[in-house]
Amino acid sequence: MNPPEEAAAATQEEWVRVGQYPTLADAYDHGLVILAMGESCRVEEAAVPGEYDLQAEPVPADKISAELDAYSQEIAGHRPAPAPAGEWARHPARWWLTALWAAVLVAVFYFQSQDLGLVDFAASSSLGLFRDGEWWRPFTALFLHADLSHLAGNLVGGAIFGTLVARTAGAFRGWLAILLCGALGNAVTSAVNFPEPYYSIGASTAVFAALGILSGMGIAETVRDRARLPWVRICAPVLAGFVLLGWLGAGSGPGTDVMGHVFGFGSGVAAGAAMGALETREEG
């Protein structure tokens, strides 16, 4: 063996394999553990195609291997299993329910034009609910609209967010939760304003309840899968919901029922979190 070959053999003997990883990123990630120990390391392609060897010097190799094993066990305990593609869409959309909801809105809007007294009878009213005991108003108000543009906006928003809720929580349970949370949002708005008169109509309270349900279920899922994350990360779904609420629902126009949007959204968040927690319990 000539001198250059002897030098190469000596250099090769200075490194031993302490781990083998399926991706270069994994190898570098574990290499950081070695560097944090104050030891040297290097990454090379393994004999197995697509694998990568993490190598270290021979003397601290045993100590490094033990540290790498401990690190691998730690991250395995904290890293959630990858979610299957399309896991959020756990249920069929049941498009006929969305179509039925839209058809009811359009039909009621037509009857409004034929009977002007319908709004007076069915609008959400603080006095009607709490003074006169007209319990149906928070619910029936969800199907009334001031004009065609008001109707069109809620048809589009309801179809989008309602379908997402249906795919996430189940169509029947999801649409029932949307309507109940929308009615609750109207009732809370009336309670806050009573004994002052307060009137509102429109499905937007239910639309924002649907957005809240999605946010609440997002929180429940995040807490379940990533319980060790900082609270800001855990609350990210509802923070995103608040951004959309401000963008879509907190306008300053004279006909905008901001309080109804906020209370509908809040009711939806609570219901979505409860539904997500219940679903987790059933899966467990």
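Trainee: Is the crossing of H4 and H9 left-handed or right-handed?

Mentor: The crossing of H4 and H9 is right-handed, the word used where the near helix is turned clockwise from the far one by less than a right angle, anticlockwise being left-handed. This is a predicted model, in which local features need pLDDT of at least 70 and side-chain atom pairs pLDDT 80 or more, while totals for chains, interfaces and linings use all residues. Residues are numbered from 1 along each chain as its sequence is written, and side-chain values use heavy atoms, leaving out hydrogens and water.

Trainee: Which residues of H4 and H9 meet?

Mentor: Trp96, Leu97, Thr98 and Trp101 in H4 meet Ala171, Phe172, Trp175 and Leu179 in H9, contact being heavy atoms within 4.5 Å.

Trainee: What makes H4 and H8 roughly antiparallel?

Mentor: The axes of H4 and helix H8 (residues 148-169) cross at roughly 165° and come within 10 Å, so these helices are roughly antiparallel to each other. Their crossing is right-handed, and the H4 residues that meet H8 include Trp95, Ala102 and Phe109.

Trainee: What makes the nonpolar surface patch?

Mentor: Trp96, Leu100, Val104 and Phe172 make a nonpolar surface patch of about 410 Å², and three residues, its largest share, come from H4. Patch residues have over 30% relative accessible area and no salt bridge, with nonpolar side chains (Val, Leu, Ile, Met, Phe, Trp, Tyr) joined within 5 Å and like charges within 9 Å. Areas come from the Shrake-Rupley method with a 1.4 Å probe, and for residues only the protein chains shown count as cover.

Trainee: How do you know that arginine 17 and aspartate 53 meet in a salt bridge?

Mentor: The side chains of arginine 17 and aspartate 53 lie 3.6 Å apart, N to O, and the term asks for a Lys or Arg side-chain nitrogen within 4 Å of an Asp or Glu carboxyl oxygen. The pair links strand E1 (residues 16-21) to strand E3 (residues 52-56), 36 residues apart.

Note on methods: Helices (H or I, at least four residues) and strands (E, at least two) are DSSP runs, numbered from the N terminus. Axes are lines fitted to C-alpha atoms, for helices over the stretch in contact, and angles run from 0 to 180 degrees between N-to-C directions. Angles under 35 degrees count as roughly parallel, over 145 as roughly antiparallel, 65 to 115 as roughly perpendicular and the rest as oblique.
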